[in-house]
Amino acid sequence: MLYGIAAAATTLLLSALLTGVLRVPALRLGITDRRRRRPLPLSGGTAVALATVLVAAGADAAGLLPLGAGVGRMVVAAGCVALLGLAADLRRLRWWVAPAGTAVAAGFVVPYEETGVAAGVAAVGWIVVATAAFRALDHADGLAGTVGAVGAFGVAACATAELMDGLAALLGVLAAALAGFLLHNWFPARAGLGAAGALFTGFVLASSAVFVRAGQGIGAGAAVLYALAAIACADAALVVLGRRLDRRAVTRGRPDHLGHRLRRLGLAPRAVPVLLGAGSAGGALVAVCVHTGRLSPGAAWWVAAAAAVLLLVLVRRPVTPVFRPRQRVASASSQVSERLRVRSG
């Protein structure tokens with residue numbers, strides 16, 4: 001316990017330090033969020049991945065927090081996924097490159113001896129989908145970090161119930177790294193997570209959940225996996241449904257995610273991660289209770305019902321930017337000036 005607390009504290013400080021130190025190199029190399037008007041360095045992803053891997057690997061090598069062979073292999077695979085995400089941050093990659101790379105990494109991680117071949121292939125598919133869905137959460141300040149930290153605690157609780165101390169320690173370290181990153185990412189953000197950090201975090205969370213449920217009932221396992229990733233799944237479903245209803249390409253980026261639509265309802269920027277973090281905590285609580293047998297797998301249907309209500313409420317919300325009062329006046333004035341210029345010409 002003492003070693004775990006020390007590792008978490010070390011990771012939090014290291015992640016916060018690296019996020020700040022790497023901001024300048026990220027700006028110079030052009031590793032910034034292209035969706036924003038001002039350059040936002042994506043130093044948080046590298047910081048989260050480095051802090052998690054360094055502390056976890058160091059504690060394992062010193063014998064303080066042994067990870068085990070399977071968990072160690074997962075850390076290596078997650079590091080490779082983070083490098084793929086860093087390449088995506090540096091330059092635009094085709095949409096299928098990240099899922100394909102994630103699938104290859106997941107193929108080396110899934111414990112087929114416990115899941116069997118068929119269930120193992122399904123687990124690879126789940127890891128790819130969950131990782132991609134978590135990456136999409138990196139669209140609002142503080143959102144991906146908050147949901148990721150809450151999810152890490154949820155999976156860690158399930159791992160602790162299975163006496164998987166190495167896996168629980170790794171997830172605690174990841175949660176601490178995300179907490180350190182959030183010191184720079186809370187609104188207004190000074191650093192972002194980027195594809196590197198989002199893919200790394202999503203991959204570790206999804207793979208860890210598969211490790212925890214490997215060899216157990218398929219129905220309960222599906223309920224646990226869904227409840228742990230309910231917010232990411234709801235966001236992905238909202239995006240796909242909204243774009244299909246608008247007859248737009250699903251792979252084309254647009255401000256139509258959960259955070260964007262909640263902002264359209266009038267929520268403050270800081271309230272969005274708090275609200276969705278609370279929803280993620282509720283899903284994680286249901287997942288832990290189902291995993292430990294305190295609730296039946298059917299409890300996941302309540303999580304799905306809440307997500308469906310949220311989906312129906314938000315799917316038809318407009319996604320065009322909202323002007324502030326001064327911006328509306330300035331925009332109207334510019335339009336009038338343009339019309340007068342055209343008429344006089």
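Leu 163 is found in the loop between α8 (143-161) and α9 (165-185), where helices (H or I, at least four residues) are DSSP runs numbered from the N terminus. The model is a predicted one, in which local features need pLDDT of at least 70, side-chain atom pairs count only at pLDDT 80 or more, and totals for chains, interfaces and linings use all residues. Residues are numbered from 1 along each chain as its sequence is written, and side-chain values use heavy atoms, with hydrogens and water left out.

The phi of Leu 163 is near 60 degrees, a positive value in a residue other than glycine. Leu 163 is exposed, at a relative accessible area of 70%; exposed means over 50% relative accessible area, buried under 20%, and partly exposed in between (1.4 Å probe, protein chains only). Arg 247, in the loop between α12 (230-245) and α13 (258-264), also has a positive phi, near 60 degrees. Arg 247 counts as exposed, with 79% relative accessibility. Phe 187 and Pro 188 are joined by a cis peptide bond, with omega about -5 degrees. Most residues other than glycine have a negative phi, and most peptide bonds are trans.

The second largest pocket has a volume of about 440 Å³. A pocket is an open set of points on a 1 Å grid over the protein atoms alone, where a 1.4 Å probe fits, with protein on both sides within 12 Å along at least five of seven lines; lining residues have an atom within 4 Å of a point. The volume is the space filled by probe spheres set on the points, which are joined across faces, edges and corners. Two or more residues of the lining come from each of α1 (2-21), α8 and α9, and α9 gives the most, with seven residues. The lining has 20 residues, and those nearest the centre of the pocket are Gly 4, Leu 65, Asp 165, Ala 168 and Ala 169.

Thr 11 lies in helix α1 and is buried, with a relative accessible area of 0%. Apart from neighbours within four places in sequence, Thr 11 is in contact with Ala 51, Thr 52, Val 55, Val 173, Ala 176 and Ala 177, contact meaning heavy atoms within 4.5 Å. In helix α11 (218-228), the buried residues are Ala 220, Gly 221, Ala 223, Val 224, Leu 225, Ala 227 and Leu 228. The elements that cover them include α7 (117-136), α8, α10, α12, α14 (271-291) and α15 (300-314).
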